[in-house]
Amino acid sequence: MNTFHKIFALCALLCIGIPAFAQFEERMNDVFYSTGKIKVVIAVAAVILLGILAYVWRLDRKVSRIEKSLRKK
Amino acid sequence: MHPVLKVICASLLLYVAVFSLWVPMVPGLTGTDKREVKPGLNTFRVYGYRTHFSQSSASLQAFLEGDSVYYCTEVQALSDHELAVECVLPDTLSAPIMSVYVNNDTDGTIYLPLALRTAAAAISSGKDAGRCEVKVKNNVYTAFGFPFQPVIFESIRNLMWHVPMWFTMFFLMFISVVQSVAYMLKLQRKPSGEALDRQSGVTALVHDRRAAAAVSVGLVFCILGLLTGSIWARFTWTAWWTNDPQLNGALVVFLLYASYIVLRATVEDDEKRARLSAVYNIFAFVMMVVLLMVMPKFVASLHPGKEGTPAFSSYDLDASLRAVFYPAVAAWILFGYWLYNLRHRISRLQETAYEHIP
C-alpha cells in the first residue's frame, strides 16, 4: 500500500464518518458547550497528540522494515 | 539536530501543555435568559463565568448600554454566577441593540456585547426621552488570566494548539522549497553542454530527499491544523466547515502538497522524479503563500488573522496569551524540525538498505 492509497483511504474514511458525526451532534452539543467549552480544547489537544503518535508509529514501521532488509543481507 | 535543541523543544512543549490549560480565564459574562428588552420594567437574568457575584454583592452594579447608558435599579446576586436584574427603560429607545455591563470590586467591569435586542415598536430615531447619565465605573480585573471573549470562552486556549500547527507547516514547507531550489542550483552548476556526471547527480539527490521529507512531515501538521480547526469551528461557528477563503485555501494547500507526494510516487527514475518534484514544489510553495497569506486579506472572512502578519496581530493577543503562544510556536517548530530530521535520515537509510544507490 503506497502513500497515495493511504491518503485516498483516509479521505474515504473521513467521508464515511460525516453522517455518523451528524447523528451525535445533539448529544455532543450538551457535552462540549458545557463548562465554558474547555472540552473543545481537550478534544483539539487529543487530536494533535494522536496525530503525532500515528506519525511516529509510521516512522517506527519504516525503521523496522529497514532493519529487516539489512538482516537479510 | 543538536541535543540542546531537543531538550529545549521538550521543555517548551511541556511548558505549553501545562500552562495553556492551567492559566485561569478572567471573569466574563456568558449570556442572558432573555433576548429582548422593551420600554418600562424589564427583569432578566445575567449569567457569569468565573465571576464572584455573591462574594462581592455589596459593590454590584449593572448597566444597559445602547445609545446611552441605563442604570439597573435592582441587581441581586442569586449565586456567584447568576444575577437577577431589574431595569426601567424610557418609552422610546433609539438603539436597536444593547450591551450589558456588570461591575463589582472583585471582577471589575465585565461586558456582554450586543446581548439584548430592543423590541421593534420601541425604536425611535429621535433622542431618548429619559436619559440616565450614570457614569459606568470601569474597574480593571488585575489578576493574571486569559482574556474572556464572547462565544469563544475557554476555547481561546486552542490558540496555543491549533495555530502553531500552521506555523510549523509553513516552516517545513519553507525548508522543503529551499532544498528544492538547492537541488536545481546543483544541477545548474555543471559545466555547460556536458551531461551531469553520475556521481554529482546522485549527491544532488540529497536535497531531493530532504525536500520530500520536509513535505511529508509538513503534511502531518497540515492535517492536524485542518482537523483541529474544524473542531474549533464546530463549537464557535457551529459548523465543521464554512466556505471561508482561509479555510478553503488551507484545504487547497493540503491537496497541493498531497499531490506532490502522489507525483513522486508516479515517477520511477530517481533523477527525473527529483527534477519534476523540485519544480512542482516551488510552484506549490508560491501557491501556499498566495492562498494562506495574500488572498484571505482581500476577502471577508470569519477567520481571524487578517491584519498584518496572520495570527500574530490577531485576537486580543495580550501578555497572558503571548506568554504561552510564542513558546508554543517555537516548541512546535522545533518539534517539526526534529521529525523532519528523523524522516530524512530514515529515507537515507531506506536507500542504502534497499540498494538504490549504485
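**Figure 1. Packing of helix α2(A) against helix α6(B) in the predicted model.** The axes of α2(A) and α6(B), the latter spanning residues 319-353 of chain B, lie 10 Å apart and form an angle of about 25 degrees. Angles under 35 degrees count as roughly parallel, so α2(A) is roughly parallel to α6(B). The crossing of α2(A) with α6(B) is left-handed.

**Figure 2. Residues where α2(A) meets α6(B).** From α2(A), the residues are Tyr55(A), Leu59(A), Lys62(A), Val63(A), Ile66(A), Ser69(A) and Leu70(A). In α6(B) they meet Leu339(B), Leu342(B), Arg343(B), Ile346(B), Leu349(B), Gln350(B) and Ala353(B). The residues of this contact comprise 10 nonpolar, two polar and two charged.

**Figure 3. The side of chain A that touches chain B.** Here 24 residues of chain A are in contact with 29 residues of chain B. Two helices of chain A, α1 (3-33) and α2 (38-72), each give two or more residues to this side. The most come from α2(A), which gives 16 residues. By type, this side of chain A has 17 nonpolar, five polar and two charged residues.

**Figure 4. An open sheet of five strands in chain B.** The strands of chain B follow the order β2-β9-β8-β4-β5, and their pairing is mixed. At the edges stand β2 (36-37) and β5 (69-71) of chain B; each has a single partner strand, so one side of each has no neighbour in the sheet.

**Figure 5. The pairing of strands β8(B) and β9(B).** Strand β8 (residues 97-104) and strand β9 (residues 108-118) of chain B run antiparallel and are joined by seven bridges. Val100(B) stands opposite Leu112(B), a residue of β9(B).

Note on methods:
Residues numbered from 1 in each chain as written. Chains lettered and ligands numbered in written order. Predicted model: local features only at pLDDT ≥ 70, side-chain atom pairs only at ≥ 80, totals over all residues. Contact = placed C-beta atoms within 7 Å. Helix = DSSP H or I, 4+ residues; strand = E, 2+ residues; numbered from the N terminus. Nonpolar A, V, L, I, M, F, W, Y, C, P; charged D, E, K, R; others polar. Axes fitted to C-alpha atoms, helices over the stretch in contact; angles between N-to-C directions. Parallel < 35°, antiparallel > 145°, perpendicular 65-115°, else oblique. Left-handed = near helix turned anticlockwise from the far one by under 90°. Pairing = 2+ DSSP bridges.
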